Amino acid sequence: MSIQAIRYRTIPIIFCPLWTFYLTRFIFEVIVINPLFATGPSINTRLLVAVLASIALLVAERKSSQLDKLRSALSMITYPIQSITDWPLHRSKETLESIQSLYNLKEENEQLRQEQLIYKSQLLKYEALEQENIRLRALLEKSFKLGEQVLVAELLSVNLAPFEHVVVVDKGSRFGVHTQQAVLDAYGVVGQVYRALPLSSEIMLITDPSHAIPVQINRNGLRTIAVGSGQINRLLLPYLANNADIKEGDLLISSGLGGIFPQGYPVAIVEKIILQPNKPFAEIYATPKAQLNRSRELLIVWKSEAPIPLETQETEQTDENHAGK
Amino acid sequence: MPENNTFSYGRYLFSIIFAMGLNIAAWPQPLAPFNPNWILLVVIYWVLAAPDRVGIFSAWTIGLLTDVLTGRMLGLNALINSLVAFLCLRLHKRLRQYPILQQGLFIFFCLLVSQFLIFWITDSQTIARASYAFWLPVLSGTFFWPLVFFSLRAIRLFRRIR
């Protein structure tokens, strides 16, 4: 199997449809016609071959990233199954939306318009603040990364594994998505791209037990790490001492350390603090700001690699413009 | 039992794809841990029903596709499927004579083996925290076995009996 796959892999990516076709046909042949050892060895030998092949795959994936291409190729076959599974729920939601009453729609429209007005006015202020921030940082001679690009991706309602908080979205490496990109929704940080496949990508939520995100408290800048708890509405802050300056209701924002999440996005709100005088660290719970189980549209973020230069004429010009207004 | 007359590739593939859909279907949150490994159940059924057509390599390939579908390490479900298919091939003559309850015991054993393999091979934090809920698919899978068995038999034999 793996030898065949490698042979197919060497065909240039330009012939991708053809290539996928070959792979599909090969898989089909193995499932349906079962050509290997049609009359030959006993089932013991077959089991041995299958087990050795599986172990080889398991080890090879740990040791190198070569198998990612095999996975991408196979995902061309499995992605349709995912989208078919998503289809009924997606459809029913759309139908529900389309039979809403005119009155409700009008009301919602009015509300959205008001919200947009508020956000626009806040954005005006934000632009001025951003320029001021860049100027101040230039005074401090610190570089500043800014200006992320985003891509809207839609969630597929599938559940890959019962205990992992991993979701699938419908944008993949065809759109330039790559692993370890931050993912946001309208309210805060959702997670990061865990695996980018050609047509879809898997996103690990911040509440997954094997996920951790560097955060800081917005009020005083105290930095720590928020670890997923396995519950969709809870994060743990296991590394803060009993006397740390933290209060219930504090906003946690991403600190930008670690290089995956851009700095300054809201992550969670501190929910409960249990002091443990007999232990070095307190037990602190936080509730994610993002609507992890409700958002259907997610934003995948590209960070701008180059920091904004410290002193340029452009910034001064825009400053003047703002002053003029 | 004339399996050769009653085996249809279309129905076989359809049942596998349907099981893959069920495997990743989004169940409501409190019920999600109960979602059994439908693909394995369907593979077990086909190995028992048509051991001359569906063998270890078919099970292995389906397992590989399952790995990609559910984002596991490549080879994990392939290993499980081929081992379980081997057990079924070894015992299929006896198992087909058993009443459904006794078959259920065997299915329970197969699912337990598969879950143990996942437990040993995966080094995820997730399983360590999931506690007893991790083993629920074994119970629910055994519980759903009669459903899988009778519905797949109905699909296999529908307008095929001669």
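This is a predicted model: local features need pLDDT of at least 70, side-chain atom pairs count only at pLDDT 80 or more; totals for chains, interfaces and linings use all residues.
Residues are numbered from 1 along each chain as its sequence is written, and chains are lettered from A and ligands numbered from 1 in the order in which they are written.

Tyr119(A) sits in helix α5 (residues 102–140) of chain A. Helices here are DSSP runs of H or I with at least four residues, strands are runs of E with at least two, and both are numbered from the N terminus. From first C-alpha to last, the 39 residues of α5(A) reach 55 Å, close to the 57 Å expected at 1.5 Å a residue (that is, 1.5 Å times one less than the number of residues). Part of that stretch shows up in the 18 Å between the C-alpha atoms of Tyr119(A) and Gln131(A), which are twelve residues apart along the chain. The number of buried residues in α5(A) is zero out of 39, so the helix lies largely in the open.

## The rest of chain A

Chain A has six helices and twelve strands. Of its 325 residues, 27% are buried. Take the contacts in chain A with a separation of 6 or more: 59% of them join residues 24 or more positions apart, a contact being two C-beta atoms, placed from the backbone, within 7 Å.

Gln180(A) is worth a look in the loop between β2 (166–169) and β3 (182–184) of chain A. Its phi is positive, near 65°, and the residue is not a glycine. Gln180(A) counts as exposed because it has 12 C-beta neighbours inside 10 Å.

## Where A meets B

The contact draws 42 residues from chain A and 41 from chain B. On the chain B side, α2, α4 (56–70), α5 (76–97) and α7 (125–130) each supply at least two residues, and α4(B) gives the largest share, eleven residues. By class, that side has 28 nonpolar, twelve polar and one charged residues; Ala, Val, Leu, Ile, Met, Phe, Trp, Tyr, Cys and Pro count as nonpolar, Asp, Glu, Lys and Arg as charged, and the others, Gly among them, as polar.

One helix pair across the contact is α4 (residues 67–98) of chain A and α2 (residues 9–24) of chain B, packed at about 65° with axes 9 Å apart. Axes are lines fitted to C-alpha atoms over the stretch in contact, and angles run from 0 to 180 degrees between N-to-C directions. Ile81(A), Gln82(A), Ile84(A) and Thr85(A) touch Ile17(B), Met20(B), Gly21(B) and Ile24(B) there, giving five nonpolar, three polar and no charged residues.

## A bent helix in chain B

Helix α8 (residues 136–157) of chain B has 22 residues, which should span 32 Å at 1.5 Å a residue, and its end C-alpha atoms agree at 31 Å apart. Even so, α8(B) bends by about 40° at Phe144(B), with Pro146(B) following within four residues; the bend is the angle between axes fitted to the seven residues ending there and the seven starting there.

Buried residues of α8(B) include Trp145(B), Val148(B) and Leu152(B). The buried set packs against α2, α3 (38–49) and α6 (100–121) of chain B. After α8(B) comes Arg159(B), with a positive phi near 55°.

How values were computed: A residue is buried if 20 or more other C-beta atoms lie within 10 Å of its own, exposed if 12 or fewer, and partly exposed in between; C-beta atoms are placed from the backbone.
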